[in-house]
Amino acid sequence: MASSYKRILLKVSGEALAGDNSFGIEPPFLQAVAKQIADAARSGIQVAIVVGGGNIFRGMAGAADGTDRVTADLMGMLGTMINALALSNAISRQGVKSKPFSAATMPSVADTFTARDAKQALEEGFVVVLGGGTGNPFFTTDTAATLRAIELECDVVLKGTKVDGVYSDDPKKNPDAVRYSQIGYDEVIARNLKVMDTAAFALARDSHMPIIVYALDEPAGLSGILEGKGLSTRVGDPA
């Protein structure tokens with residue numbers, strides 16, 4: 001069954017790129033994620049990616065430790081660029097064209113993000129990897145993912161994590177937690193189900209942008225999830 005999506009925004013959390021490690025990038029897992037993305041791109045789907053940076057540095061944790069929040073968030077943005085460069089390079093090594101963009105201006109590292117340039121790259125067959133979050137402190141990369149999906153006119157946001165969907169509680173702490181196959185934006189916000197932050201869900205709701213939450217190590221892979229196979233949760237308006 002072919003995917004009905006033509007252009008997607010994939011959010012890859014930094015923690016997921018760490019694999020079984022507590023920090024950094026685990027090369028075999030990075031290559032496995034890159035292969036999933038390359039396979040989807042080869043099938044004709046246009047793929048944009050927003051990467052997190054929690055495996056390198058998390059702004060909220062830095063702020064809690066005494067660093068002022070703006071500086072801590074800027075450090076976190078630089079962490080996302082490390083991940084963006086690593087993932088873009090890994091995708092290129094899979095034989096698929098990839099181009100990194102940065103929300104913060106750093107011309108010797110990556111092109112500065114504009115929706116116009118990123119759309120053109122997508123139409124030319126590049127997988128675009130977007131680092132630097134929104135380019136502003138106080139906004140998470142989850143919010144950046146939803147924002148970029150709307151700017152780039154994507155059909156769906158996919159949140160790739162270590163968990164195979166949205167649960168009623170933390171499944172690692174509560175074995176009785178229930179996984180939802182479908183849930184509305186307002187219920188996710190009202191129940192404070194923190195797979196993404198409230199701002200990201202509210203932005204998606206206002207633009208009717210569906211979000212699919214799945215595990216990056218799902219055996220069906222990204223292509224399978226896009227075809228409706230494997231375990232995942234769809235957040236959004238009733239299908």
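**What the words rest on**

Reply: Happy to! This is a predicted model, and buried residues make up 51% of the 239 residues in the protein. Its nine helices come with 11 strands.

Me: What makes the protein as compact as a globular protein of that length?

Reply: The globule rule gives 18 Å for 239 residues, and the radius of gyration is 17 Å, close to that value, so the description holds. Along the principal axes, the C-alpha atoms fill a box of roughly 50 × 50 × 35 Å.

Me: Why is the set of 37 residues called a nonpolar core?

Reply: A nonpolar core needs buried residues of kinds such as Ile and Leu, joined through side-chain atoms within 4.5 Å, and buried means under 20% relative accessible area. The largest such core has 37 residues, and Ile37, Ile49, Leu87 and Leu158 have the most contacts inside it. Helix H2 (residues 27-42) gives this core its largest share, eight residues. Apart from it lies another core, of 32 residues, including Ala144 and Val195.

Me: Which residues is Ile49 in contact with, leaving aside its neighbours within four places in sequence?

Reply: Contact means heavy atoms within 4.5 Å. By that test the partners of Ile49 include Leu9, Val12, Ile37, Leu87 and Val129.

Me: How do you know what share of contacts joins residues at least 24 apart in sequence?

Reply: Take the contacts between residues at least 6 apart in sequence: 72% of these join residues at least 24 apart.

Technical notes
Residues numbered from 1 in each chain as written. Predicted model: local features only at pLDDT ≥ 70, side-chain atom pairs only at ≥ 80, totals over all residues. Heavy atoms only, no water. Helix = DSSP H or I, 4+ residues; strand = E, 2+ residues; numbered from the N terminus. Rg over C-alpha atoms; globule rule 2.2 N^0.38 Å. Buried < 20%, exposed > 50% of the residue type's maximum accessible area, 1.4 Å probe, protein only.
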